[in-house]
Amino acid sequence: MRGLQLLARPAIRGYASTARPYVPPAQLANVAPASAPQKPRPESPSFFTVRPAYYDQLYELNQALSLSRRALRSQCLLPLPPFARDALRPMPSMWRTRGDLSDVMSTPLSNTRYKSITSVLDQLHECRRIAWTAGSLELAVGISDVLTSFEHRNLDAVTNRKRKERPLDEHGRSYTVGRRKTSSARVWMIPVQHDASASTSAPASETVAPPPTPAQASVNNDIDALFGSSADRTSEPASTALAAAPILSSPAQSAPPVKLAEVLVNNIPIHEYFQNPTDRARIVRPLTLTGSLPAYNIFAIVRGGGLSGQSGAIAHAISKGIVVHDARQEIKDILKKAKLLRRDPRMVERKKTGLEKARKRRAWVRR
Amino acid sequence: MASSALRAGLAASQSIRRTAVRRAPRVFARNAYTPPLQGERPLENWDDWQDFQSDRHAFKQMVDVYSEFGSNQTRENTFQPHHTLHRPLAPSQATLSALIAAGAHLGHSKSLMNPNFMPYAYGVRADITIIDLDQTLPLLRRAASLTRAIAARDGTIVFVGTRKDLQPAVVKAAERIGPQAYNVGERWLPGTLTNRFTMFGAGIKDQRVIPDLVIFLNPLANMNAIRECAIQHVPTIGIVDSNVDPRIVMYPIPANDESTRTAELITGMLSIAGKEGKILRDQQQSQMSRGNSFSRTKRTA
């Protein structure tokens with residue numbers, strides 16, 4: 001009763017104004033308040049956020065997520081113990097790109113907002129995965145209905161894509177490109193052949209490496225003197241070359257000599273091109289880490305930058321080449337851990353106005 | 001204007017809700033439990049998963065059986081943290097105990113107290129300003145009464161709570177009242193009211209955009225919005241803490257603005273008051289329409 005009295009009190013002024021004449025309240029006792037045709041209200045409850053489409057969508061997704069979680073909990077599928085989580089079937093998914101989703105939702109999406117939507121989508125996808133693995137197909141289909149409009153258009157192509165295969169060419173060479181700072185190196189690597197023919201890897205390496213220069217020949221003579229040369233060498237895979245070589249005490253014992261790999265940079269032997277031992281060590285590092293130092297003959301063409309940049313580029317290309325020849329996961333892990341497979345993104349920082357160099361400030365003066 | 005994706009999402013939520021209801025056997029233990037090292041088994045096909053689920057369900061049922069011999073206090077008849085959000089109190093149920101239990105009396109540090117807040121401060125304890133809840137309670141009921149009256153006259157109400165923990169409260173409050181209530185759960189963009197044609201486009205000329213009441217859960221962080229409401233002559237309600245000048249809003253409610261529970265309590269009360277106002281308006285509309293029909297029959301007769 002008191003509530004209706006609240007409404008029955010009309011909001012009347014006790015005076016006249018130019019807009020409305022004065023009407024004594026008694027005259028309005030049985031008259032309902034004039035319901036002037038009001039303008040319509042905005043539809044969305046998030047109208048005053050200025051991005052109602054985004055907030056409404058997020059709200060709906062969160063509702064769907066809490067419903068799915070409640071359904072899974074009622075079926076004793078949540079919370080899942082670790083051994084059950086490991087047993088879930090893999091289900092790759094990919095969401096629409098930010099621009100694509102902006103078009104679908106017909107509202108501009110910033111990076112943060114896009115990430116907040118995809119995080120909820122990822123959680124919904126996890127629920128779908130659990131439902132599908134456990135055989136709760138109705139729920140999985142229900143969640144799929146929610147997620148289909150957010151999935152990438154070419155979902156099959158995107159989830160099944162593989163890294164581009166970089167095969168060896170008809171001579172068994174790998175061709176890889178490495179970069180560091182402003183240098184880029186193109187590197188051909190061919191496994192060293194340890195067969196009975198006197199000149200090791202003769203036909204193949206001739207196309208790759210020209211005959212050794214006198215300096216290199218002298219080095220080779222020294223090495224031959226150390227290990228001795230023998231004709232009875234069996235052809236072995238490149239990676240076991242070092243393992244096959246026994247440790248000798250005197251050159252008189254018959255054993256297959258270990259031919260060290262040759263590295264040519266711009267058609268110049270490595271010890272001439274890179275006088276600095278640091279640069280040489282940098283180039284050779286991927287080979288020493290994977291134990292394939294005598295395994296490959298390497299020919300590199302490098303352009304741009306200075307010596308240290310060029311040596312880094314060659315090392316990068318050699319690491320990639322090792323992975324092409326030897327696709328074992330252990331080799332990949334070793335090189336990945338040593339950060340040799342990643343193109344070093346560090347570049348020279350630009351000079352700024354008001355500073356001497358990129359970071360060097362001018363001398364501070366009190367006045 | 002719901003997009004097709006939004007409509008699809010709505011329909012899909014319904015299908016998930018149906019699935020949830022159909023497959024849910026009533027158990028009282030909330031979470032399933034699998035004992036470590038004992039319950040581990042290879043899960044290779046759907047039958048394995050079915051066995052896994054039924055084992056967990058059996059454990060839950062055993063817990064239910066033995067729960068009857070335990071304490072009388074269960075999840076159903078004790079206070080749970082989500083109750084302030086999902087089971088709000090009506091303004092008529094506002095008591096000092098409820099406010100103290102929510103921690104509404106804890107203000108900010110003594111050194112941060114705004115001198116204009118002095119009338120609403122009870123004192124200082126442990127270097128914290130204690131808010132006088134004997135004054136908060138009638139001011140809260142006044143704010144509820146205002147909300148009810150505005151909702152009854154078909155006014156637009158906006159709940160503003162721009163913190164992560166306040167977002168669910170404002171969303172639920174707007175939902176409770178209905179189409180005439182709105183919420184702002186993240187940042188209030190400056191110019192929403194004063195620069196609205198740039199923000200929303202020229203299409204809003206045919207819409208009722210200026211609200212009739214704005215309720216702030218954290219007014220200190222929304223000074224832009226308060227200023228805009230003052231410029232546009234919109235009445236405001238706000239939860240003012242001891243470091244805030246209570247005159248920034250028209251109807252201050254002196255309480256702790258940092259406590260989620262207090263904010264949910266106050267928002268719940270105001271939203272229920274708004275819902276009551278809406279019900280009153282609907283009753284009045286139906287009475288008026290009945291009154292008109294009676295008068296029509298009289299004339300014909």
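**Exercise 1.** Find the bridge partner of B:Ile157 in E5(B).

*Solution.* Next, look at the strands, which are DSSP runs (E, at least two residues) numbered from the N terminus. Strand E4 (residues 157-160) of chain B is joined to E5(B) by 4 bridges, and the two run parallel. Two strands count as paired if DSSP finds at least two bridges between them.

A note before going on: this is a predicted model, where local features need pLDDT of at least 70 and side-chain atom pairs count only at pLDDT 80 or more, while totals for chains, interfaces and linings use all residues. Residues are numbered from 1 along each chain as its sequence is written, chains are lettered from A and ligands numbered from 1 in the order in which they are written, and side-chain values use heavy atoms, leaving out hydrogens and water.

**Exercise 2.** Work out which strands stand at the edges of the sheet in chain B.

*Solution.* First, write down the order: E5-E4-E6-E7-E8, an open sheet of 5 strands with parallel pairing. Then check the ends: E5 (181-184) and E8 (251-254) each have a single partner strand, so one side of each lacks a neighbour in the sheet.

**Exercise 3.** Decide how H5(A) and H2(B) are oriented to each other.

*Solution.* Take the angle first: helix H5 (residues 111-134) of chain A and helix H2 (residues 46-67) of chain B pack at about 105 degrees, with axes 8 Å apart. Angles of 65 to 115 degrees count as roughly perpendicular. The two helices are therefore roughly perpendicular.

Conventions. Axes fitted to C-alpha atoms, helices over the stretch in contact; angles between N-to-C directions. Parallel < 35°, antiparallel > 145°, perpendicular 65-115°, else oblique.
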